[in-house]
Structure formats: structure tokens, C-alpha cells
Amino acid sequence: MAEPQVGDVPVAQPQPVPIVPPAQIAPHLPPRQQHVNPGLQLIRSPPILKLSMDLDTYLRRFNAYTQSIGATPAEIPHLLINSLDDETLQYIERHLVNNITLQELLAVLRREMGISRLNKEDYKAKLRKTLRARNEDVRSYYSKLWNLAKRAWPENVEVRNSNLRDAFTGNFQDSTISARLRERPELNNEQLLDLAVTLLNCKNASLSRQSEVNAAFGPQSAFEQALGEEPPARSLPAQSIEQKLDQNY
């Protein structure tokens with residue numbers, strides 16, 4: 001390689017180009033992964049809301065679902081509208097406006113679903129006629145009566161509880177337990193329910209124990225019954241007329 005001469009232009013040595021790493025972009029996380037409670041991510045979506053359903057019960061599940069996915073207040077009304085079946089949507093469609101709030105939507109649903117259902121008198125009649133089936137679970141039967149009473153008296157809680165109590169004790173289909181429940185007027189409805197469950201469990205346990213005893217010893221056989229019976233007294237054979245005449249003479 002030739003030595004650089006005086007007056008020559010110095011040649012710059014090439015410098016390595018620094019490699020700039022690409023900017024680190026934060027991954028986009030869906031709202032449910034940003035939620036403070038990861039356990040809520042497993043909540044399933046609520047079913048379709050129908051006119052036959054209880055709105056308050058449905059909203060409990062719906063609220064849990066919207067919290068689990070991190071829905072914003074502006075998105076919740078749209079999620080609820082999307083959860084309606086065709087029949088319910090037809091009832092409220094004329095009331096839907098742009099940017100409707102959740103409170104406004106719930107007011108419309110309560111009004112329209114109440115009109116489309118049975119009136120209060122029908123619910124009162126159903127409450128009085130609903131009898132407990134033979135093997136029906138006590139708590140399921142009470143829940144059925146509670147829903148009917150709630151629809152029959154939505155505002156007056158005192159009247160609702162009184163009629164619920166009368167229907168529960170009167171239609172229990174067990175005279176012994178019904179009488180025991182009527183003897184406890186100091187208990188509220190929830191305590192009365194617990195007492196009814198306890199009494200029925202005790203009765204079933206007693207019947208089960210009696211069945212076990214009968215199965216262990218069994219009924220008496222025909223031979224054992226015959227041994228315990230006294231033989232019937234045998235009557236003397238009837239005498240003939242000739243024998244009677246011989247005795248007289």
C-alpha cells in the first residue's frame with residue numbers, strides 16, 4: 001500500500017452504521033386483561049333476555065359480565081340491547097334513541113316488559129294456587145312463590161311478605177309441617193323457610209330409619225303368624241235324631 005503523499009486529500013475511513021433497534025410497542029391488551037380482578041375473566045356471557053324472564057335477576061348476571069370485560073358506561077346500553085330477543089326488541093324499538101343511557105334503557109324495559117306480562121291480579125291468583133309437588137325441593141318451591149309475590153306486589157313489601165307466608169304455609173302439602181310453621185309467628189319468612197327445611201329433613205330421616213328397620217327384620221311369615229295364633233275351638237259334630245232319641249231313653 002502506497003504511503004500518502006504531501007498534498008493528497010485524506011480519505012475518511014468508513015465508520016460502522018449503528019443499528020437502531022425498532023421501537024418497543026406495548027402489546028394491546030383487551031379490557032378484560034386490564035381488569036383489576038382477573039378471576040372475573042371466566043364469567044360467561046349472559047343468555048338472551050326474553051319477556052318471560054325476571055329483569056332484576058337478569059341484570060345481576062349482566063352487570064357481572066360487563067365488569068369482567070371492562071365495558072365502559074357508553075358501551076353497556078349497546079351490550080344490553082344486543083342481548084334482547086326479537087320479541088323484546090320489538091316492544092322497546094320505538095323508544096330507542098341515539099346515545100341512550102343505561103338508566104333510560106332500563107326504565108323503558110321495566111315499563112314495556114311489565115305491560116306485556118300478566119297483570120298483578122293474575123300473579124296473585126297463581127300465587128294462591130301454586131302447590132308444592134310431592135318431591136319438590138323446599139327452597140325451589142319458596143323461590144317460585146317469591147317471584148310470583150314480587151310481581152303481584154312490586155311496591156308493597158309488607159303485603160308481599162304476608163301473602164308469601166300464607167301461600168308457603170298453606171300450600172306446603174304436608175299438614176303436620178304446615179301446622180308447625182303456623183305455630184311460629186315470631187319468625188320471618190327466611191327463618192320460616194329454614195325451619196321448613198329442617199322439619200322435612202327430620203321427617204324424611206325418620207321414615208328412612210323405619211324403612212331400614214322393616215327391611216332388616218321384615219314382616220312375619222305365614223308360618224310365624226300361624227304359631228302365634230291359637231287354634232280355633234272345634235265344635236262337636238251334630239248328633240243325629242236317632243242318637244238324641246237313644247239318649248232320652
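These are my notebook entries on a predicted model of a protein.

**Entry 1: the whole chain**

I began with the secondary structure. I found 11 helices and 0 strands. Reading from the N terminus, I wrote the order of elements as α-α-α-α-α-α-α-α-α-α-α. Next I looked up burial. The protein has 249 residues, and 27% of them count as buried. Then I turned to contacts between residues at least 6 apart in sequence. Of these, 53% join residues at least 24 apart.

**Entry 2: helix 5**

I moved on to helix 5, which covers residues 120-129. Which residues of helix 5 are buried? I noted Tyr123, Lys124 and Leu127. I then looked down the axis of helix 5. The buried residues fall within an arc of 105°, so they line one face of the helix. I checked the face turned away from that buried side as well. There I found the exposed residues Glu121 and Lys129.

What covers the buried residues of helix 5? The cover includes helix 6, residues 138-152, and helix 7, residues 157-170. That sent me to this pair.

**Entry 3: helix 6 against helix 7**

I looked up the geometry of the pair. Helix 6 and helix 7 pack at an angle of about 140°. Their axes are 10 Å apart. Angles over 145 degrees would count as roughly antiparallel, and 65 to 115 as roughly perpendicular. Helix 6 and helix 7 are therefore oblique to each other. I also noted the handedness: the crossing of these two helices is right-handed.

Next I listed the residues that meet. From helix 6 I wrote down Val138, Tyr141, Tyr142, Leu145, Trp146, Ala149 and Lys150. Their partners in helix 7 are Arg160, Leu164, Ala167 and Phe168. I sorted the residues of this contact by kind. I got 9 nonpolar, no polar and 2 charged.

**Entry 4: Arg44**

Arg44 sits in the segment before helix 1, which spans 55-68. Is Arg44 buried or exposed? Its relative accessibility is 58%, so Arg44 counts as exposed; the cut-off for exposed is over 50%.

I then asked what Arg44 touches. Leaving out residues up to four places away in sequence, I found Arg61 and Tyr65. I also looked up Arg44 and Phe62. They are 18 residues apart in sequence. In space, their C-alpha atoms are 9.7 Å apart.

Note on methods: Residues are numbered from 1 along each chain as its sequence is written. This is a predicted model: local features need pLDDT of at least 70, side-chain atom pairs count only at pLDDT 80 or more; totals for chains, interfaces and linings use all residues. Side-chain values use heavy atoms; hydrogens and water are left out. Buried means under 20% relative accessible area, exposed over 50%, partly exposed in between (1.4 Å probe, protein chains only). Helices (H or I, at least four residues) and strands (E, at least two) are DSSP runs, numbered from the N terminus. The arc is that of the directions from the helix axis to the C-beta atoms. Contact means heavy atoms within 4.5 Å. Axes are lines fitted to C-alpha atoms, for helices over the stretch in contact, and angles run from 0 to 180 degrees between N-to-C directions. Angles under 35 degrees count as roughly parallel, over 145 as roughly antiparallel, 65 to 115 as roughly perpendicular and the rest as oblique. A crossing is left-handed if the near helix is turned anticlockwise from the far one by less than a right angle, and right-handed if clockwise. Ala, Val, Leu, Ile, Met, Phe, Trp, Tyr, Cys and Pro count as nonpolar, Asp, Glu, Lys and Arg as charged, and the others, Gly among them, as polar.
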